[in-house]
Amino acid sequence: MYLLDIIDNFGKTNNIAHIYRENILTYEDLKKKSDALAFYLIKILDHDQSPIIVYGHKENEMLICFLACVKSGHPYVPLDSSIPDQRVKRIIERSGSKLIFCLEEIVLDTTNIMIIDKTKINELISSFLGKTPDIKFRVHNDDVFYIIYTSGSTGNPKGVQITLSSLESFVMWGLNICNLNNKQQYVFMNQAPFSFDLSVMDLYLSLASGSTLFSIDKQMISNLGELFRYFSQAKLDVWVSTPSFAELCLADKSFNDLLLPDLKLFLFCGEVLSNKCAEKLLERFKNARIINMYGPTETTVAVTAVEITQKLCKSYNPLPVGYAKNDCKILIIDSDGEIISDENKKGEIYIAGDSVSIGYYKDEDITKKAFSKITLDGQEKRCYKTGDLGYYNDGMLHYSGRIDYQIKLSGHRIELEEIDNALRELNIIKHATVIPVSKNGRIHYLTAVVVLNRAFEQTDFEIGLLIKKELSRILPDYMIPRKIIFRESVPLTINGKINRKALTEELQ
């Protein structure tokens, strides 16, 4: 496939490409406006291929700028307006970008970069409307299509480079998983900010199928009443989010197939999907399929998938993340660097194949630590060392948490996410996570932060004892949290994940 041609071909239709609040972008306008802006970029930057930063939230112009960048031969760097200014400045410095499309206001004290605001963007589009950029300038095959910056252990953001060929590999596989066709225009929900790689799933599966992307923003998410009013108008077919965001919506009983009667498919990635969450969704959305997926940013959104059914929920706890895509190989590696062939034996997950990133932008040292080359079926393939724990069972991959979420407490090695999963399976709990509490550089005990799913007559102390008793049925004593703190909600990151870092800083 050639992704840009496919998207441009939908410009001949009257299909709607993007809806954000009252703003509608058609495929025709997406093509014409991205062409115009790309023509301008080629005019001023010529053969320069440095990354271009696109700063904003969910505006229509975000999509126009993304395509304009790649049509003119530049990878784009999506930055959400929720990102702190200091982090934005660090990313600008590390990316070496010469130009920023600014769709929302930001104060930057830099003189070495061209800043084009929303008003100027639309003026440029009007000036060059009708111009078609030469396709020789486009991003091709192994050229970098986008760069997403993720957290780095050194405190500096790491720019994950994803090529066009890696993105196309994901899109072809993703459309097959979704079982979509071009005979109908679907509506995909966009929950994640464009600076989070989960958004690549809804954005490009939607655009590659001529469908509509329906964006919700941070203000809507903070008000379920407003959010559900938008849902009632959206006619959503495909839901893409983290499990935490679905759990947030499930807290309201009106989140069901009466609110979203057209919903056909849930796509989850980025976090563990609990059995309890999946079972509730299957109960409330009887005509919708649930697909559980797994994949780090460095391997282009997702590389495994499995449909979650009632039978699967009863057979596995925790749920599997599924089978690898056909052009990827997933290996489980032990601490000695040897491949683990035994089922149910945990090790580090390594991913090799066409979806793997070419490395971190302008960061060779960190790239060498995480990426390598291996030979598969006689061909050399890129390989990524994930830092995730996993194992195989019945031919399916099971994710067991992060290696860096492993701690030692009183000599015992503990995987924090195993306790998280055990807590979330308790009937009285809606959200929960476990935080290690340290003093003088040593972990002294575990604290669970818990959101209950309803009000109880018992005191917090009595409920805490009940939770510990239930946990003792499935976990050894040393894994049971000493303290349990009850909250009305847990903080979420802008990406929709539980903000473990914020809780850790609060409890230390």
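Let me start with helix α6, residues 164-178, and α7, which pack at an angle of about 75° with their axes 10 Å apart. The two helices are therefore roughly perpendicular to each other. This is a predicted model, so please take what follows as read from a prediction.

Which residues of α6 and α7 meet? From α6 they are L167, F170, V171, G174, L175 and C178. From α7 they are V200, M201, Y204, L205 and A208. Sorted by class, the residues of this contact are ten nonpolar, one polar and no charged. As a reminder, an α-helix has 3.6 residues a turn, so residues three or four places apart point the same way.

Leaving out residues up to four places away in sequence, Y204 touches L3, I7, F66, Y76, F145, L167 and V171. Y204 also belongs to the largest nonpolar core, which has 91 residues. Along with F101, F145 and M201, Y204 has the most contacts inside that core. Helix α3, residues 60-71, supplies the largest share of this core, nine residues. Another core lies apart from it and has 38 residues, including M189, F214, A234 and M396. In general, nonpolar side chains tend to be buried together in soluble globular proteins.

On the α9 side the contact is made by L224, L227 and F228, and on the α10 side by F245, L248 and C249. By class, that is six nonpolar residues, no polar and no charged.

Next, helix α14, residues 416-424. How many of its nine residues are buried? Eight are, so α14 is largely enclosed by the rest of the structure. The buried residues of α14 are L416, E417, I419, D420, N421, A422, L423 and R424.

D35 sits in helix α2, residues 27-45. D35 counts as buried because its relative accessible area is 4%, and the cut-off for buried is under 20%. The side chains of D35 and K71 are joined by a polar contact of 2.8 Å. Not counting residues up to four places away in sequence, D35 touches K71, K131, T132 and P133.

S211 is in the loop between α7, at 198-208, and β10, at 212-215. Is S211 buried or exposed? S211 is buried, with a relative accessible area of 0%. Its side chain reaches the backbone nitrogen of Y186 at 3.2 Å. Setting aside neighbours within four places in sequence, S211 is in contact with I16, A17, Y27, Q185, Y186, F188 and S206.

Y478 counts as partly exposed, at 33% relative accessibility. Where does Y478 make its contacts, leaving aside its neighbours within four places in sequence? The residues are L409, H412, I414 and L446. The C-alpha atoms of Y478 and S410 are separated by 8.2 Å, although the two residues are 68 apart along the chain.

That is the end of the tour.

Note on methods: Residues numbered from 1 in each chain as written. Predicted model: local features only at pLDDT ≥ 70, side-chain atom pairs only at ≥ 80, totals over all residues. Heavy atoms only, no water. Contact = heavy atoms within 4.5 Å. Helix = DSSP H or I, 4+ residues; strand = E, 2+ residues; numbered from the N terminus. Nonpolar A, V, L, I, M, F, W, Y, C, P; charged D, E, K, R; others polar. Buried < 20%, exposed > 50% of the residue type's maximum accessible area, 1.4 Å probe, protein only. Polar contact = N/O pair within 3.5 Å; in protein donor to acceptor, adjacent residues only side chain to side chain. Core = buried A, V, L, I, M, F, W, Y, C linked by side-chain atoms within 4.5 Å. Axes fitted to C-alpha atoms, helices over the stretch in contact; angles between N-to-C directions. Parallel < 35°, antiparallel > 145°, perpendicular 65-115°, else oblique.
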